[in-house]
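Biologist: Before I use this model, I would like to know what stands behind each label. Please give the cut-off along with the value.

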Amino acid sequence: MGSIIETINLYKTFKLGSMDVEVLKDINVNIEKGEFVSIMGPSGSGKSTLLYLIGSLDKPTSGSIRINGRELAGMKDKEESILRRRQIGFVFQFYNLIPNLTVEENILLPLTLDGKRPGKYKERLERILNDVGLTERRKHTPRELSGGQQQRVAIARALINDPDVILADEPIGNLDSKTGTEIMGLFKKINIEKGKTIVQVTHSMESANYGNRAINLKDGRVY
Ligand code: ADP
Ligand code: MG
């Protein structure tokens with residue numbers, strides 16, 4: 001199995017006024033294709049920052065990130081955004097759906113933003129709606145759905161480009177425990193049946209147990 005996500009001597013510093021705050025310090029992680037990894041650690045330890053760097057939503061201060069063996073640092077902006085859109089799916093704690101679009105329009109958004117015609121992706125849309133259990137809800141808008149259903153829409157949207165990697169930041173942090181268990185089961189299914197590499201941020205041991213291993217952060221370091 002090859003490495004799909006690799007960070008080498010990764011550092012991230014945020015400027016707060018005249019102060020530099022070093023949020024990630026010398027992070028070296030290696031995630032193999034098909035793994036389901038949980039990034040754990042106390043609030044403020046740098047979990048989301050690490051996830052966003054891996055997903056190229058933000059840039060490191062120094063060090064290197066490789067996705068499928070390709071170095072992010074040297075990429076042109078356009079090349080990087082293509083990689084982000086096609087190879088990485090994002091799921092967030094508060095779903096980040098567009099309120100005035102229907103379920104299926106939300107799911108198709110990464111394709112329409114990419115200039116593709118959604119009509120060509122009918123079969124894929126059907127399959128994904130079925131996978132996440134939302135076939136009957138396709139014409140609804142997010143406000144007509146429960147939190148768990150909204151998160152299913154977000155997961156479907158993350159899958160529409162058939163990316164290799166799904167990155168999820170506290171995906172069940174806003175859900176009750178029963179719904180959270182269902183959503184974690186869905187991630188597990190996507191990992192096992194579709195072979196997607198999943199990296200989730202969580203501070204719950206219970207949801208970390210759905211993964212095959214944990215990366216523990218404390219004060220910006222892996223320990
Ligand atoms: P976690 O997800 O583990 O709770 P974060 O990665 O969100 O932690 O944040 C780690 C630290 O970095 C915190 O101290 C936070 O305040 C700081 N931080 C995160 N994002 C920014 C930003 N855009 N500007 C300044 N400081 C930030
Ligand atoms: Mg966070």
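Biologist: Which residue stands opposite S38 in strand 9?

Modeller: A214 does. Note that this is a predicted model: local features need pLDDT of at least 70, side-chain atom pairs count only at pLDDT 80 or more, and totals for chains, interfaces and linings use all residues. Residues are numbered from 1 along each chain as its sequence is written, while chains are lettered from A and ligands numbered from 1 in the order in which they are written.

Biologist: What makes strand 3 and strand 9 a pair?

Modeller: Two strands pair if DSSP finds at least two bridges between them. Strand 3 (residues 36–40) and strand 9 (residues 213–218) have four bridges, in the parallel sense, so they meet that cut-off. The strands themselves (E, at least two residues) and the helices (H or I, at least four) are DSSP runs, numbered from the N terminus.

Biologist: How do you know that strand 9 also pairs with strand 10?

Modeller: Two bridges join strand 9 to strand 10 (residues 221–222), in the antiparallel sense. In strand 10, V222 is the bridge partner of L217. Strand 9 and strand 10 form a hairpin with two residues between them, and D219 in the turn has a positive phi of about 45°.

Biologist: Why are strand 2 and strand 5 called edge strands?

Modeller: The open sheet has four strands in the order 2-1-4-5, with antiparallel pairing. Strand 2 and strand 5 (70–71) each pair on one side only. Further in, strand 1 is joined to strand 4 (residues 62–67) by five bridges, and Y11 stands opposite S62 in strand 4.

Biologist: Why is L108 called buried?

Modeller: A residue is buried if 20 or more other C-beta atoms lie within 10 Å of its own, exposed if 12 or fewer, and partly exposed in between, with C-beta atoms placed from the backbone. L108, which lies in helix 3, has 23 such atoms within 10 Å, so L108 is buried.

Biologist: How do you know that I160 is buried?

Modeller: I160 has 22 C-beta neighbours inside 10 Å and therefore counts as buried. I160 is found in the loop between helix 5 and strand 7.

Biologist: Which residues is L108 in contact with, beyond its neighbours within four places in sequence?

Modeller: L108 is in contact with P118, Y121, L125 and I160. Contact requires the C-beta atoms, placed from the backbone, to lie within 7 Å.

Biologist: What makes helix 5 mostly covered?

Modeller: Ten of its 13 residues are buried. Among them are V153, I155 and L159. The elements that the buried residues of helix 5 pack against include helix 3 (103–113) and helix 4 (122–132).

Biologist: Which element gives the most to the shell around ligand 1?

Modeller: Helix 1 does, with three residues. The residues around ligand 1 include K47, S48 and T49, where being near means a C-beta atom, placed from the backbone, within 6 Å.

Notes
Contact = placed C-beta atoms within 7 Å.
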